[in-house]
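Me: I would like to go through some of the labels attached to this model and ask what each one rests on.

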Amino acid sequence: MPTYKAIASTTVGAGGASTITFSSIPGTYTDLALLTSLHFDSANSFNDIGITINSDTGNNYSMRWLGVQSTTATSGSATNTYPISLGIPNGDGSGSLIYASTSTYFPNYTNSSYKTFSSDSVAEQNATGAYLRLTAGIWNNTSAITSISIYAPGFNWKQYSTATLYGIKNS
């Protein structure tokens, strides 16, 4: 059975934060898991959770996603682009202070192949709106993942947003 060990955890303080970064990620685990509870400061109801791996802001990411917003199915893809999205958190325009949940898995993050990841995200409103997104992505780089940053493009994470990075060992 896999063993999860919290590597680092961040809770955004008063005034918010534009980015949550985990750096100096040790290479001693098999996989990584990133769990978040996020809300951003925008009049928008929903927005993307951007990701940067190892500070790479080049067009080295690709993704496919499948989602549902209220009762409408959505899907899409992006190839050789930046940024890409892990999911959809709530903004102030959602009419609620509900924090959206996202779970992202990075298998084999130290191997010498391109790095893949999968993410599921759920955001809801106090009204009738909700958003679910499943994302599969790839970082076209063979370097080990040593840092991960998450951000809401053009906005800030609100106070009490949290993110925890776990190392996973298969034993």
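Reply: Setting aside neighbours within four places in sequence, Ile7 is in contact with Ile25, Pro26, Tyr29, Leu32, Leu165, Tyr166 and Gly167, where contact means heavy atoms within 4.5 Å. This is a predicted model, in which local features need pLDDT of at least 70 and side-chain atom pairs count only at pLDDT 80 or more, while totals for chains, interfaces and linings use all residues. Residues are numbered from 1 along each chain as its sequence is written, and side-chain values use heavy atoms, with hydrogens and water left out.

Me: Why is Ile7 called partly exposed?

Reply: Buried means under 20% relative accessible area and exposed over 50%, with partly exposed in between (1.4 Å probe, protein chains only); Ile7 has 29% relative accessibility, so it counts as partly exposed.

Me: What makes the pair of Tyr4 and Tyr166 edge-to-face?

Reply: Rings of Phe, Tyr and Trp (its six-membered ring) pair if their centres lie within 6.5 Å, and planes under 30 degrees apart count as stacked, over 60 as edge-to-face and the rest as tilted. The centres of Tyr4 and Tyr166 are 6.2 Å apart and their planes stand at 65 degrees, so this pair is edge-to-face. Tyr4 and Tyr166 are 162 residues apart in the chain.

Key
Helix = DSSP H or I, 4+ residues; strand = E, 2+ residues; numbered from the N terminus.
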